[in-house]
Amino acid sequence: MAEKLKAMRGTHDILPEEAAVWRRIEDRFVTLCGRYGFSEIRIPIFEATELFERGTGFATDVVQKEMYTFPDKKGRSLSLRPEATPSVIRAYLEHNLARRAKVAKFFYMGPMFRYDRPGAGRYRQFHQLGIEIVGTASPAADAEAVKLLWDYLSSIGLTGLKIRLNTLGGPDCRVKYSGVVKDFLKDNLDRLCSDCHDRFERNPLRVLDCKNKGCRAVIAETPEIASILCPECVEHFERVERYLEAAKIDFYVDPKLVRGLDYYTRTVFEVIHESAGEDLALGGGGRYDQLVKEVGGPDTPAVGFSLGLERVVLALKEEGSADVAGGGPDVYIAPAGEGAWEAAFELAGRLRECFRVWMEFEPRKLENQLRTASRMGARYTAIVGEDEIRQGVIGLKNMESGEQTTVGSGDVVTWLSRKLGG
Ligand code: AMP
């Protein structure tokens, strides 16, 4: 036998049982986004590398260390998308979507790729769903993004959620704060880890995100942004807070929240699930008022978030809410005898217009088929035997009560509809 091949490290299969959970939570996202007035956008899996260098940010870890970048046959540098936001904005500009409405609201879902160190809830191909609101600087848009995130996670059954909120200030405040942080860190470099030395050079604000214990002590002493924020940024943040309070969202302000991507300005947020004694970041986002310009468009404010689906499923499992009820077929069709197969096949076709139907491919004894139907959780078994065919009827067995009835073949859809509510 040839050697078995395995999925690549950092990728994973979503097997049928779990895929049903994914389907449920993806469908829920689509429905909720519709209610909030978001339209779906589907963007390519790969793009010109330059898009992410400009959009995600040349100095970020994502672009510097984690992108799957390769030349195509013509030597152009392409990258698998590590996130969706730059592509959504590229599409927005390329198709001039600003022409249609002042504010555009998109949602997306799909795989993202980062050459990360695989671990619990950390993959190289992972899946995100997210939204972008493009064309408004209003704090109400920041609040709507957080509210949708909150509603969505609550509606799929998660509890134990908290929103971490902060502001990084507008471009001017951010640059000023970055300078303050850099000055402070310069005097404390000997207490920082080697990664943070690197961050100090490339983007000092990223040091605030380090999980290293020694670094955390330095971070705790670092001046907070509140000390340098301009009145407009203060006002914007206070309005976001007031909206979230009005919506009764469980949030707290964490003055050291910076997030991993460089494009955020003003509001940033993260949603945390407290699972198994540890805080798990399910997703996050913020305002990115400079990105559209970076990608070659006019000055256009925007805000968005993305959620990691692997982490959401992990949190659902932690809470024991990852079960999908009713996975079995509505009707299991059991052909009994050689001459019953065509009639059973025809019946399956008719029933599949309304119900979930399972039918075997190989002849098996009726009793074995009934056992399988029961194990699969089928609600009814339709017995199609040669005698039944001659009489123009179907035997229907209720798998829960064991009760069996004979119904005319032409009436079977109506009969089952009444019983199953289909
Ligand atoms: P980001 O796009 O970096 O803001 O991340 C948003 C969310 O995507 C995170 O909170 C995670 O839930 C998820 N995520 C990011 N990177 C990974 C990864 N390597 N594996 C699994 N999920 C990820």
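Strand β3 is joined to strand β4 (residues 77-80) by three bridges, and the two run antiparallel. The model is predicted: local features need pLDDT of at least 70, side-chain atom pairs count only at pLDDT 80 or more, and totals for chains, interfaces and linings use all residues. Residues are numbered from 1 along each chain as its sequence is written, and side-chain values use heavy atoms, without hydrogens and water. Strands (E, at least two residues) and helices (H or I, at least four) are DSSP runs, numbered from the N terminus. Two strands pair if DSSP finds at least two bridges between them.

Thr 69 has Ser 79 of β4 as its bridge partner. The open sheet has three strands in the order β2-β4-β3, with antiparallel pairing. β2 (46-48) and β3 (69-71) are the edge strands; each has a single partner, so one side of each lacks a neighbour in the sheet. From one strand to the next, the twist averages 35°. Helix α2 (residues 49-57) lies across β2, β3 and β4 and runs at about 80° to β2. Here axes are lines fitted to C-alpha atoms, for helices over the stretch in contact (heavy atoms within 4.5 Å). Angles run from 0 to 180 degrees between N-to-C directions.

The second largest pocket has a volume of about 340 Å³. Of its 18 lining residues, Arg 174, Asp 262, Tyr 263, Tyr 264 and Gln 290 are the closest to its centre. A pocket is an open set of points on a 1 Å grid over the protein atoms alone, where a 1.4 Å probe fits, with protein on both sides within 12 Å along at least five of seven lines; lining residues have an atom within 4 Å of a point. The volume is the space filled by probe spheres set on the points. Helices α2, α6 (171-186) and α10 (291-294) each supply at least two residues of this lining.
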